[in-house]
Every structure is written in C-alpha cells, then in structure tokens.
Amino acid sequence: MTGETTAQDVAVRASQLTKRFGSFTAVSRLDLTIRYGEIFGLLGPNGAGKSTTIKMLITLLAPTSGTAVIAGFDVADSSMDVRRRIGYVPQMLSADGGLTGRENLTLSARLYGMPRHERSENIRHALKFMGLEAHADKLVKAYSGGMIRRLEIAQALLHHPAVLVLDEPTIGLDPVARHAVWERLKVLRRDLGLTVLITTHDMEEADELCDELVILHHGKKIVAGKPADLKAAIGPDATLDDVFTSSCGVIIQESGDFRNVNQTRRTARRLG
Amino acid sequence: MISDEAAGQKRLLYPEKKGGLRTVSPSGLAAFFGQVFAIVEVEIRKVLRDPIELFSRVAQPILWLAVFGQVFSRIKGIPTGNLSYMAFMAPGILAQSVLFSAIFYGISVIWERDLGIVQKLLVSPSYREALVSGKAVAAGIRGLAQMVLIYILIWAMRINLNHGVVSILGVMTAVFLGSAVFSTFSLVVACIVKTRERFMGIGQLLTMPMFFASNAIYPVALMPAWLRVIARFNPLTYLVDALRQLMVQGGQSVYGPGMDFGVLAAVFLVLLLLASRLYSGIVR
C-alpha cells in the first residue's frame, strides 16, 4: 500500500482486528486498508478467517479486540451508522424465493427507510441496471442462480452504500453467470467508483476483479498487494494460483497436522 | 438508450460525494413501524401465495373436537360446570391450534438463517425489536386466519358460540396476542438451539407438555397439586381462560380477563425483549 493514502481516501480501515472463540483465534491482529473506488479481495483457504473478518466488518460479530472503521464509523461504537453505509451480499443465494424480484427490492428499500415516492423509480433503475426488468414480477424461486445474484447486488446497492461487501459472489454460478456478475462489478467500479470488498477462493475471480488483495491463513494476513506485483514476485509466468499455493503451502508445511497428512499420503504411496 | 443507461447508473450510485447516502434512514417510531410493517407484509404475502399450510393446521383441531371431544362428552367425567364438554373444550382447542402452529414459527427463522435472509435483515439499519415484532404481528395475523377456520368447524359442530361484537373482538385480541407470545417464544428457542434438528426435538418436547399442563381440555381444579403449579405458570392457561369466557355462551373465566390479558401482554413484552437481544446471535 502506498504511503500517500490519507484518512479521507480510506473506505475501510481495520487495525489489529482480532476475534477469538474460546481458545481458538479465528482472526489475529489483522490490519486492512481499503481505499474508495477499489475492488479489494480477501482470499484464503477454507477456515482462514475470511467469513469471520467480514462478519466483524458488517457488524454481525463483535471484535474481541482491535478496531474497524467503515466510511468513518466504528463498527463497534456506531454500528447503525455503519449499517446505513454498507451493502451486503451473503454467500448463500439469499433473495427470498417466495417473493418477486420487485418485492425483494421493496423490502430492502423499506428497511433502509427509503421514502415511498422514491421507491418505485429507484427500484426500476436498479432492476434495469442489473438486467432484470423483464423478470421483476416473477417469483425469485423461478430465477437462475445468476439472476438471483444480480438481484441481490441490486438490493445491496439500492441505498447507495459506501462499501459493497460480497461474500464469495460467484460461488456455484455457471461461467456465463459468473462473467455477467464480474462485468457488472467492473462497471460499478469504472463508472461510479464504487468500493467493493469481496471474499473468494477463486483465483481467476481475484485476478479478474481485484485491485488489491490480501491472503489470510489461520486468521493471519500472510500476503498483501496488487495481483500483478504478487505474481511478478514469484516469477515471469506465475499465476495467482502460484501466489496462493506458495504462500499458503509454506505454512501448511510448517504446521504439524498438515505434515502428518503429507506423511500419511507418502506412506500410502509407498505401500501402494 | 445509452443516455438512459448512463442516467440509470448515476441514479444507482452516489456521485455527489464519497460515502454520501441516498437515503438517510429515519429513526424513531415512524421508522420502527415502517420496518415492522415491511416484515409483516412480506410474511403475509408468502402465506397468501402458499396457504396450504394454513389449511393443514385445521386437521388436528378436527381430530380433537370430532373424535376426542365426542367420546369424552359421553363419559361426563369431567366437571365443566354449566357447559357441555364440547363447549368447554372448544376454546381449549382453538388455543391449542394457536400454540401448535406458532411454536414452529422459529424453524422458519432457522431456515431463513441458512438461506442468508436473516443476515441481510440484520445488516440493514433496522431495529432488532422491529424485525422481531414484525414476525410476531405476522404470526398474530396467521392466528386470526386460523381462528376463522376453527370457528367454522365449531359452528358446524353446533357448539353455542357468543356472536356479540365485543366477544368476537375479544377472541381476536386473545388469539392475536397468544400467537404473538408463542411465536416469539419459538423465536427465542430457535436463537438458542440454532439448528433445525434440535429445534424439531425441542418443539415436540415443549408443545404436548404445555398443552396437557393447561386448562385446555380439563379444568385446573382437577389437576394434582404439582401440575396445578405448572399450569399457573403456563401462558396457555391464561389464553384458554380468556377464550373460555369470551367465546362460548355461559363460559366463565377463572382468573378474570384483566389478569389473562395482563399476563399474556407481559409475557409477550419479556419475550420480545429477549428475542431482540438473541436474534443477532443466530447468525454467529
């Protein structure tokens, strides 16, 4: 990260953010700086602490120690102010299947206190932007996965969030739907300068979208930087996959339980 | 078309200033009720689209009234004062159906948690109390729909009901409040146990004892002392007691409607506060 970043440019800042569950430390002394207008990726293997970090940032989980400030508001002290300024798309396809697309959007608009006279117009534009106008009055249970995801992004954008948070945005989607979601996110960044925080363990997605990324492992930040720089540091033809395996792989070798797995595998190979 | 697209995109975001909000969520009572009704409307829409569940809930009351009630009327072993046994148990069966359908309300919240719906609600700047109250009000309205079906059933069985406006409004209030109490109780349980499997177990474990440890199908006076103590702490007892006076001709309340409604309202408030505190815990 550059030294010139001023407080005004920062959309999300986490300092020494820590979450412990009993004796287990899910996230350990995490520092993050996300600037306005960038797509920031939080990467890591399963159980690395990505979800726990996101939950702390979106005020669903109180940090054990450390702080996180979003659009100028502390997640612990001013959670309502933070909630007004974030849009969140969970990992599961979470639009309500028993409602139509428009009804899902109306529910969001009402919960965010959008005045009645603005609702239908804003909802219409959101549906149009996400290419869902023709399906607005169909029940969401008849939508495809990609359509549901686009509807959810529309829902999360309706109240003009400062930061859009997406947890594994394209997991389980087919390639066409994946690319459609990527394209919309890029448009949001390019034309409107939206700040986006995504978690993913899809390296292609990270490479395609992220301006900056952080790789977490066992709750700690082990790699941070721009995808191009990280790849260049490994080698001329390196991919983000190489960055990921080299950074996480080192640690896997260091930790006892994983080495045991490797030994077992070696033994199995030898015997078999 | 291109300019329209661009205008749409501009509207979507917040070009005025970084982090600027399009909507300043109002706070206070207006916002609170706005959020409650947003939840209520969604819940009611879903029930109206799929009302089969509502109708299926009438099967049990039919069994209780048409089979159990008919048989026990012949024994005449239960002292029910000046009421026939059928007239005595009819309010009990209405209360039971309120309890049995509201108590499984919590499972829908666990289901919504698994789908990510609860997470989205909790990340919105709404009052937790409003989200929980919305669920309770929706359960209350479902209770009223059930009341209509059971009234038809009772009428068909020629049990003498009070037809006065005051009685009907009183029954509606009691059914609404009872549904709110048991659905919120169910929500509290769901927030504690957190999984569907455990919830199903606990739900079964709670409903029958609550039913039998109440005055629904026999008077409290008939119970052994230890059961009488439990019945006094059972909100279902107060619901049945209120319904018995309001619903059937010649029905008498033991504790008085003031006490009945007071207990139900107080229990609801306590559960509402508890559920609002626990609700966000369901996503942890």
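In β2(A), A:Val27 is the bridge partner of A:Lys19. This pairing belongs to a predicted model, and it is one point of contact in an antiparallel arrangement: strand β1 (residues 10-21) of chain A is joined to strand β2 (residues 24-35) of chain A by 8 bridges. The two strands, β1(A) and β2(A), form a hairpin with 2 residues between them. Within that turn, A:Gly22 has a positive phi of about 60°.

Strand β1(A) is also paired with strand β4 (residues 65-70) of chain A, again in antiparallel fashion, through 5 bridges. Along this pairing, A:Val12 stands opposite A:Ile70 in β4(A), while A:Thr18 stands opposite A:Ser65. These pairings form part of an open sheet of 4 strands in chain A, with the order β2-β1-β4-β5 and antiparallel pairing. Because β2 and β5 (73-74) of chain A stand at the edges with a single partner strand each, one side of each is left without a neighbour in the sheet. Strands of a sheet in general pair through backbone hydrogen bonds, either parallel or antiparallel.

Chain B is built otherwise, with 13 helices and 0 strands. From the N terminus on, its elements accordingly read α-α-α-α-α-α-α-α-α-α-α-α-α. Taken along the principal axes, the C-alpha atoms of chain B fill a box of roughly 80 × 40 × 35 Å. Of the 284 residues of this chain, 42% count as buried. Among contacts in chain B between residues at least 6 apart in sequence, 80% join residues at least 24 apart.

One of the helices of chain B, α12(B), may be considered in detail. Its 13 residues should span 18 Å at 1.5 Å a residue, and the end C-alpha atoms are 18 Å apart, which agrees. Not counting residues up to four places away in sequence, B:Leu243 touches B:Pro91, B:Leu94, B:Ala95, B:Val171 and B:Ala174. The C-alpha atoms of B:Leu243 and B:Ala90 are separated by 9.2 Å, although these residues are 153 residues apart along the chain.

The loop between α12 (235-247) and α13 (257-279) of chain B contains B:Gly256. This glycine counts as exposed because it has 12 C-beta neighbours inside 10 Å, and a residue with 12 or fewer is classed in that way. Between B:Gly256 and B:Gln245, the C-alpha to C-alpha distance is 8.6 Å, with 11 residues of separation in sequence.

B:Leu243 is also a member of the largest nonpolar core, which has 155 residues. Together with A:Ile70, A:Ala154, A:Val163, A:Val165, B:Ala90 and B:Leu239, B:Leu243 is among those that touch the most other members. Helix α9 (residues 165-193) of chain B supplies the largest share of this core, 14 residues. On the side of chain A, A:Val165 is in contact with A:Ile54, A:Leu57, A:Ile58, A:Ile86, A:Gly87, A:Tyr88 and A:Leu197, leaving aside its neighbours within four places in sequence.

Between the two chains, 39 residues of chain A are in contact with 36 residues of chain B. On the side of chain A that touches chain B, at least two residues each come from α2 (79-84), β6 (86-89), α3 (101-111), α4 (116-129) and α6 (175-192). The most is given by α4(A), with 5 residues. By residue class, this side of chain A divides into 21 nonpolar, 10 polar and 8 charged residues.

As to confidence, the predictor gives the complex an ipTM of 0.86 and a pTM of 0.86. Chain B has a mean pLDDT of 88, and 91% of its residues reach 70 or more. Over residues 11-20 of chain B, however, pLDDT stays under 50, and the model has 22 contacts beyond four places in sequence for this stretch. Where pLDDT is low, the predicted coordinates should not be read in detail.

How values were computed:
Residues numbered from 1 in each chain as written. Chains lettered and ligands numbered in written order. Predicted model: local features only at pLDDT ≥ 70, side-chain atom pairs only at ≥ 80, totals over all residues. Buried ≥ 20, exposed ≤ 12 C-beta atoms within 10 Å, placed from the backbone. Contact = placed C-beta atoms within 7 Å. Nonpolar A, V, L, I, M, F, W, Y, C, P; charged D, E, K, R; others polar. Expected span 1.5 Å × (residues − 1). Pairing = 2+ DSSP bridges. pLDDT = per-residue confidence, 0-100. Core = buried A, V, L, I, M, F, W, Y, C linked by C-beta atoms within 7 Å.
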